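Have a look first, then read on.

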Amino acid sequence: MSLFTNLLNLHLGNKPREDFFTEIVAYFLSLNNDILLGWLKHHSIISDDNYSSIKISTQQEHKKLESHQDDSRLDIAVELSTGLKIDVIFIESKIGAKDGNNALRKYADILSNLPNVRHRILIYITRDYDPKDELKQYDDDPKPAIKEYCLELSPKINFFQLRWYQFYSFLEKHAFDILAQEILIFMRNNRMSQNNQFSSIDLLTMVNFNKTLILMQSTLSEKVKEEFKLAFGSVVGKTASMTQWTWGSRYIIYTHFSGWNFWCGLGYFNLNPDNFTEYPCLGIYLEVSPTFKERPKIIKSMVTVHRI
């Protein structure tokens, strides 16, 4: 087990894995600017490295723009300066979760509004496959060397979509100190080193997928579904349950109140665990939107019921 895994395990309850890893990588890149520039050039994100200064910050907060509902907090912001011109890169990192609440759109808006910037770059790097085709538009004449990765989001923003296994592969070949080795171990432990090749476990999952799906469907139907509807007034399932599996790593029946601001769901959770020592679980959940005006009251009620 890696040093970073041991440190992360000191957290009680939900472990802030994404923020934790963000801080590690940002710190490493701040100490190894050559690795940062090499990685960016490797993916044709920048064309040269004639920068006189490099600044890296994490969890950078930005006040909401007029078109946004709330403030934004960036995973990693990189400022590259030549002395005369400045390039700015926003990096949004995901390990298990996916982009929510159109965060990438908001980051692009923020980039567009930054003054005195030459190149504005938005990178979305994930462990799992999470295509963002709605953000991608080809240039009139994209350069062949960057066509795979570099897609024009607007006249001002270059959008790049990468996977963490690509960073793992680059780091493995170009960094050899103790800190880099600990990062590589942590990435392997959290399935961030895997490429698109199928493993024996993947093949076993394919063989049993339909059988498992039918079993989950049957255990959440009929009597269970009837009781859920009696308790909460309505129930959503079937196709919507598959959507929940895709987007939330859970297969559930659910209902919602006050529009889509307050949810209650029942079913199977943690269907995409990060290692083979974790297992799915059966449970019920209550979820309230962060922008719902009744959120404080609902959370207070949840805490009160839990204590009872």
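1. A quick term before the strands: two strands count as paired if DSSP finds at least two bridges between them. Keep in mind that this is a predicted model. Here, strand S8 and strand S9 (residues 281–288) run antiparallel and are joined by eight bridges. Phe-269 stands opposite Cys-281 in S9.

2. On to the S7 pairing. Strand S7 (residues 251–257) pairs with S8 in the antiparallel sense, over seven bridges. Tyr-251 has Tyr-268 of S8 as its bridge partner. The hairpin of S7 and S8 has four residues between the strands, and there Ser-258 takes a positive phi near 50°.

3. How buried is S8? Eight of the eight residues of S8 (residues 262–269) are buried, so the strand is largely enclosed by the rest of the structure.

4. Now the rings. The count comes to 13 aromatic pairs. One of them is Phe-20 with Phe-186, a tilted pair at 6.0 Å centre to centre and 45° between the planes. Phe-20 belongs to helix H2 (residues 17–31) and Phe-186 to helix H6 (residues 178–189), so this pair ties together parts 166 residues apart in sequence. Both Phe-20 and Phe-186 are buried.

5. Tyr-254 and Trp-263 make a stacked pair, because their ring centres are 4.9 Å apart and their planes are at 15°. Tyr-254 and Trp-263 are both buried.

6. Ring pairs also link a cluster, with Phe-4, Phe-21, Trp-39 and Trp-164 among its members.

7. Last one, a charge over a ring: the charged end of Arg-250 sits over the ring of Tyr-285, 4.7 Å from its centre.

Conventions: Residues are numbered from 1 along each chain as its sequence is written. This is a predicted model: local features need pLDDT of at least 70, side-chain atom pairs count only at pLDDT 80 or more; totals for chains, interfaces and linings use all residues. Side-chain values use heavy atoms; hydrogens and water are left out. Buried means under 20% relative accessible area, exposed over 50%, partly exposed in between (1.4 Å probe, protein chains only). Helices (H or I, at least four residues) and strands (E, at least two) are DSSP runs, numbered from the N terminus. Rings of Phe, Tyr and Trp (its six-membered ring) pair if their centres lie within 6.5 Å; planes under 30 degrees apart count as stacked, over 60 as edge-to-face and the rest as tilted. A charge sits over a ring if NZ of Lys or CZ of Arg is within 6 Å of the ring centre and within 35 degrees of the ring normal.
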